[in-house]
Amino acid sequence: MAQFLLHSAKVLAVSVNGDAVKAKNGSMVAYDGQMAFKKMSGGGDGMRGMVTRRLTGEQMEVMEVKGHGTCYFADRASDINLVHLNGEKLHVEASNLLCTDSSLRTGTSFTGLRGASQGNGLFTTTVEGTGQAALLSEGTAVVLRVTPGMPLQVDPGAYIAHQGNLQQQFQSGVNFRTVMGEGSGESFQIRFEGDGLVYVQPSERNTIGGDL
């Protein structure tokens, strides 16, 4: 299995020995040894994935990197966060997914109004299996624990990913003060309940909810 190591906060070093990883297209910044790069269709999910992603609007350009040596990945000087999965499922915005073990399965999941509030459509990307994944964030990501009886509210623009046995609900904080322009500006939130982890970034994307 490929070895993932943070060369710095913004550069991921992946060592491979005849195996492969899937990475965001164009994210390779350097490599040593012998490497082969191949663009993959459907976000790495083949023809079925390509059709699904076109129908859902959850587009993701992915390349396969295979060979012997070390490959270095980065994307627009974003911070990189490593996540180890042990048979679990990770839900992540496609734009925040940098690299995964080739053994991890990717797909799409319905998010409803939560995704619409972010301007990302009604679906998000899933990563499932055993292995490592590297996530991108604007600034150092914060990992927040959700436990039963202790729900978590997250701004849609700061959300990156979540894993575990979590239920999510899109909720509106619009009230009279918000309509009159005296609110906090946090008109919409994602409410997580259950048991799991939520990854957020210290920078908010422009979202539809933030403009209302």
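Leaving aside neighbours within four places in sequence, which residues is Val21 in contact with?

## Val21 and its surroundings

In this predicted model, Val21 is in contact with Ala2, Phe4, Val14, Val16, Met63, Glu64, Val65, Phe73, Cys99, Thr100, Asp101 and Ser102, once neighbours within four places in sequence are set aside.

Not counting residues up to four places away in sequence, Val16 touches Ala2, Val21, Met35, Gly67, His68 and Gly69. Between Val16 and Phe4 there are 9.2 Å from C-alpha to C-alpha, and the two are 12 residues apart in sequence.

## The nonpolar cores

The largest nonpolar core has 17 residues, of which Leu12, Val14, Val21, Phe73, Leu98 and Cys99 touch the most other members. Two or more residues of this core come from each of the strands β2 (11-24), β4 (62-73), β6 (97-101) and β8 (123-137), and β2 gives the most, with 5 residues. In soluble globular proteins, nonpolar side chains tend to be buried together.

Thr124 has its place in strand β8 and is buried, its relative accessible area being 1%. The side chain of Thr124 reaches the backbone oxygen of Val92 at 3.0 Å.

Asp79 counts as buried at 8% relative accessibility, whereas Lys10 is partly exposed, with a relative accessible area of 36%.

Lys24 and Asp75 also meet through their side chains in a salt bridge, at 3.3 Å from N to O. Lys24 lies in strand β2 and Asp75 in the loop between β4 and β5, so this pair ties together parts that are 51 residues apart in sequence. Here Lys24 is partly exposed, at a relative accessible area of 21%, while Asp75 is buried, at 16%.

A further salt bridge is formed by the side chains of Asp195 and Arg145 (2.7 Å, N to O). Because Asp195 lies in strand β12 (residues 188-200) and Arg145 in strand β9 (residues 142-146), the pair ties together parts that are 50 residues apart in sequence. Asp195 counts as partly exposed at 34% relative accessibility, and Arg145 is exposed, with a relative accessible area of 52%.

Note on methods: Residues numbered from 1 in each chain as written. Predicted model: local features only at pLDDT ≥ 70, side-chain atom pairs only at ≥ 80, totals over all residues. Heavy atoms only, no water. Core = buried A, V, L, I, M, F, W, Y, C linked by side-chain atoms within 4.5 Å. Buried < 20%, exposed > 50% of the residue type's maximum accessible area, 1.4 Å probe, protein only. Helix = DSSP H or I, 4+ residues; strand = E, 2+ residues; numbered from the N terminus. Contact = heavy atoms within 4.5 Å. Polar contact = N/O pair within 3.5 Å; in protein donor to acceptor, adjacent residues only side chain to side chain. Salt bridge = Lys/Arg side-chain N within 4 Å of Asp/Glu carboxyl O.
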